[in-house]
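Here's a friendly walk through one structure, for anyone meeting it without any background. Take a look at the picture, then read on.

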Amino acid sequence: MKRLLITTVFFVTAGIFWLFSGNQNANRDKYITQNILDMSRPLDVTIDIEFLRNLKPAYEQR
């Protein structure tokens, strides 16, 4: 019973702290800048179909 009370007090305290800390919303522009988006875009979008056809499933590669 003592563990349940301590756990409940801990979660209630954490919830109150989260509630009063400002509930900051995640902003996409803050975390993903244009520089990161430019680095993640592929320069060449051609797909090597022959390479994909030659791939075998993992269970057949013994």
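## Helix α1

Let's start with helix α1, which covers residues 2-20. This helix is 19 residues in length, and going from its first C-alpha to its last takes you 27 Å. That's close to the 27 Å you'd expect at 1.5 Å a residue. Keep in mind that what you're looking at is a predicted model.

Is α1 buried, or does it lie in the open? The number of buried residues among its 19 is zero, so α1 lies largely in the open.

## The whole chain

How much of the protein chain is buried? Of its 62 residues, buried ones make up 0%. The chain exposes about 6,800 Å², and 62% of that comes from carbon and sulfur atoms.

## A pair of rings

Aromatic rings are worth a look next. A pair like this is described by how far apart the ring centres are and by the angle of the planes. The count here comes to one aromatic pair. The partners are F10 and F11, with ring centres 5.6 Å apart and planes at 75 degrees. Angles over 60 degrees count as edge-to-face, so that's the label for F10 and F11.

## A nonpolar patch

There's also a nonpolar patch on the surface, formed by V12, I16, W18, L19 and F20. Together these residues have about 590 Å² of accessible area.

Take I16, one of the patch residues. You'll find I16 in helix α1, and at 43% relative accessibility it counts as partly exposed.

## One salt bridge

Side chains of opposite charge can pair when their charged atoms come close. How many salt bridges turn up in the whole structure? The search finds one. It joins R53 and E50, whose closest N and O atoms are 3.3 Å apart. The side chains of R53 and E50 also make a polar contact, at 3.3 Å.

Where does this happen? R53 lies in helix α4, which spans residues 49-54. R53 and E50 are three residues apart in α4, so about one helical turn separates them. An α-helix has 3.6 residues a turn, so residues three or four places apart point the same way.

As for how open the two partners are, R53 is exposed, with a relative accessible area of 59%. E50 is partly exposed, at 46%, because the exposed class needs over 50%.

How values were computed
Residues numbered from 1 in each chain as written. Predicted model: local features only at pLDDT ≥ 70, side-chain atom pairs only at ≥ 80, totals over all residues. Heavy atoms only, no water. Buried < 20%, exposed > 50% of the residue type's maximum accessible area, 1.4 Å probe, protein only. Areas by Shrake-Rupley, 256 points an atom, 1.4 Å probe, with all protein chains shown as cover. Helix = DSSP H or I, 4+ residues; strand = E, 2+ residues; numbered from the N terminus. Expected span 1.5 Å × (residues − 1). Phe/Tyr/Trp six-rings, centres within 6.5 Å; stacked < 30°, edge-to-face > 60°. Patch = residues over 30% accessible without salt bridge, like charges linked within 9 Å, V, L, I, M, F, W, Y side chains within 5 Å. Salt bridge = Lys/Arg side-chain N within 4 Å of Asp/Glu carboxyl O. Polar contact = N/O pair within 3.5 Å; in protein donor to acceptor, adjacent residues only side chain to side chain.
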